[in-house]
Amino acid sequence: MPTGSPTSNTRSAHGPRPPRGARARRAVRTATAVAGALAVLALSGCGAAETGRSQRAGDTDRTVTLTVPSWVGAQANTAVAAYLLENELGYEVRTQQLGEVLAWDALSRGDVDAVLEDWGHPKEEKRYVEERKTVVSGGDLGVTGHIGWYVPKYFADAHPDVTDWRNLDKYADRFATAESGGKGQILEGSPDYVTHDEAIIRNLGLDLKPVYAGSEAAQITAIRKHVAQKKPFLTYWWTPQWLNAQVDLVEVKLPAYREGCDADPAKVACAYPRTPLRKFLNADFAKDGGKAAAFLKNFAWTTEQQNEVALMIADRKLSPEAAAEEWVKDNEAVWKTWLPK
């Protein structure tokens, strides 16, 4: 799924100030995350051998490192998990913002301990889970994700046939922009997202061109601008996503998804599947990570709960830490079940 340019992790003025100990821990995490990211790049560039979690510099049994994907829903997962690991279980949590594939590589090496929202990476899963056995499943997140092509409801209401892919070329000129070179534009987020759109367009013979906004935030800005002007547009989009509570979008029906229709990325000509989002843990951490590993395996919530925290971050402009703190205070009955016995 989604990833792209990182959303700022700076504490908002709207959020409560953390206690001194938490501020100090976050300062340490920030410096450590920068150093860790440089280490990831250095290892990737040099083709260094994979290392286990126990070989990570400065690692202790009370430290957990989580990836922070760039889309807000996944940031909500990490924020809540980090808050509970620190405040209920006494761990220090470090975070690193990494692209989806880089996160798998870092997870395998032990540079990070867990990925809390994976939208499906069969190539990496085969390599690291099945073959190298350096990564293990952490179970379902409890949220089902779906990627698709969407148009605004006001345009679908005026042109009902636009929701069938066979009719998209009829409206290509209405979707065209200066960036789409005379073709209809399909607005994309980041090139790092899970997407088959170029193959789908080519294999269905559509007069469309993907144009990348560069990040989730930039894509949302573009969507809001189009909606404010009541302009027609076609966009790659997904659920769950907090903006869906504010903007009415209607999915375009692509050829029905069937098992294996996306096995060859170059030949994809079908819709995206509905994907139960999953967690993955470094294998050594899963075995030796104690209560932290047990907690992350237990961590599972609903789409509505994730969206509640995501809206605090994206719409109310709370920092992820402040949003997590507020949600945790209001939902003790939920997160108590995640704590290891």
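This is a predicted model: local features need pLDDT of at least 70, side-chain atom pairs count only at pLDDT 80 or more; totals for chains, interfaces and linings use all residues.
## Around Phe 295

Residues are numbered from 1 along each chain as its sequence is written, and side-chain values use heavy atoms, with hydrogens and water left out.

## The nonpolar cores

Phe 295 also turns up in the largest nonpolar core, which has 85 residues; Val 80, Leu 85, Trp 149, Phe 295, Leu 296 and Trp 301 have the most contacts inside it. A nonpolar core here is a set of buried Ala, Val, Leu, Ile, Met, Phe, Trp, Tyr and Cys residues joined through side-chain atoms within 4.5 Å. Buried means under 20% relative accessible area, exposed over 50%, and partly exposed in between (1.4 Å probe, protein chains only).

Helix α2 (residues 72-87) gives the most to this core, with 10 residues. There's a second, separate core of 10 residues too, including Leu 98, Ala 103, Val 112 and Val 135.

## The chain overall

The chain's secondary structure comes to 13 helices and 9 strands. Helices (H or I, at least four residues) and strands (E, at least two) are DSSP runs, numbered from the N terminus. Of the 341 residues, 52% are buried. Among contacts between residues at least 6 apart in sequence, 74% join residues at least 24 apart.

Thr 78 sits in helix α2 and is buried, with a relative accessible area of 4%. Setting aside residues up to four places away in sequence, Thr 78 touches Leu 66, Thr 67, Val 68, Pro 69, Thr 95 and Leu 116. Its C-alpha atom is separated by 8.6 Å from that of Pro 320, 242 residues apart along the chain.

Gln 306, in helix α11 (residues 303-314), is buried as well, at 1% relative accessibility. Beyond its neighbours within four places in sequence, the contacts of Gln 306 include Gly 73, Ala 76, Asn 77, Pro 240 and Trp 301.

## Aromatic pairs

Rings of Phe, Tyr and Trp (its six-membered ring) pair if their centres lie within 6.5 Å; planes under 30 degrees apart count as stacked, over 60 as edge-to-face and the rest as tilted. That rule gives 16 aromatic pairs. Trp 237 and Trp 238 make a tilted one, 4.4 Å centre to centre with 35° between the planes.

Most residues other than glycine have a negative phi, and most peptide bonds are trans. Thr 239 and Pro 240, though, are joined by a cis peptide bond, with omega about 0°. Pro 240 lies in the loop between β7 (234-239) and β8 (249-251).

Lys 133 has a positive phi, near 60°; this residue is in the loop between α4 and β4 and is exposed at 58% relative accessibility. Lys 230 has a positive phi too, near 55°. Lys 230 is in the loop between α8 (216-228) and β7 and is exposed, with a relative accessible area of 56%.

How values were computed
Contact means heavy atoms within 4.5 Å.
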